[in-house]
Amino acid sequence: MTNVIIAAVILLMAGLASFYIVKEKKKGTKCIGCPAGGHCCGGHEGDSQCGCGGHCTDK
């Protein structure tokens, strides 16, 4: 029974994480893990990494 509960919790966490990623991508957020919260000011179109490092002054 314990294994079923643990598996259910893991599946729930994975499902919620997937839902969050899909929701953020639909909103147009380019870097989900960025500390600037999607408001990057680096002007780095086409870059694969954020590059702002949380030092944006354009908030």
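These are my notebook entries on a predicted model of a protein.

**Entry: overall make-up.** I began with the secondary structure and found that the protein comes to 1 helix and 0 strands. I then looked up burial, and of the 59 residues of the protein, 14% count as buried. For the surface I noted an accessible area of about 4,900 Å², with 61% of that area belonging to carbon and sulfur atoms.

**Entry: the helix.** I followed helix H1 from residue 2 to residue 27, a run of 26 residues. From its first C-alpha to its last, H1 reaches 38 Å, which is close to the 38 Å expected at 1.5 Å a residue. Just after H1 I came to Gly 28, and I wrote down that this glycine takes a positive phi of about 100 degrees.

**Entry: the salt bridge.** How many salt bridges does the structure hold? I found 1, and Lys 27 forms it with Glu 24, the closest N and O atoms being 3.3 Å apart. I reminded myself that side chains of opposite charge can pair when their charged atoms come close.

Where do Lys 27 and Glu 24 lie relative to each other in helix H1? They are 3 residues apart, so about one helical turn separates them. In general, an α-helix has 3.6 residues a turn, so residues three or four places apart point the same way.

**Entry: cover on the two partners.** Is Lys 27 buried or exposed? I noted that Lys 27 is exposed, because its relative accessible area of 60% lies over the 50% cut-off. Glu 24, by contrast, is buried, because its relative accessible area of 10% falls under the 20% cut-off.

Technical notes:
Residues numbered from 1 in each chain as written. Predicted model: local features only at pLDDT ≥ 70, side-chain atom pairs only at ≥ 80, totals over all residues. Heavy atoms only, no water. Helix = DSSP H or I, 4+ residues; strand = E, 2+ residues; numbered from the N terminus. Expected span 1.5 Å × (residues − 1). Salt bridge = Lys/Arg side-chain N within 4 Å of Asp/Glu carboxyl O. Buried < 20%, exposed > 50% of the residue type's maximum accessible area, 1.4 Å probe, protein only. Areas by Shrake-Rupley, 256 points an atom, 1.4 Å probe, with all protein chains shown as cover.
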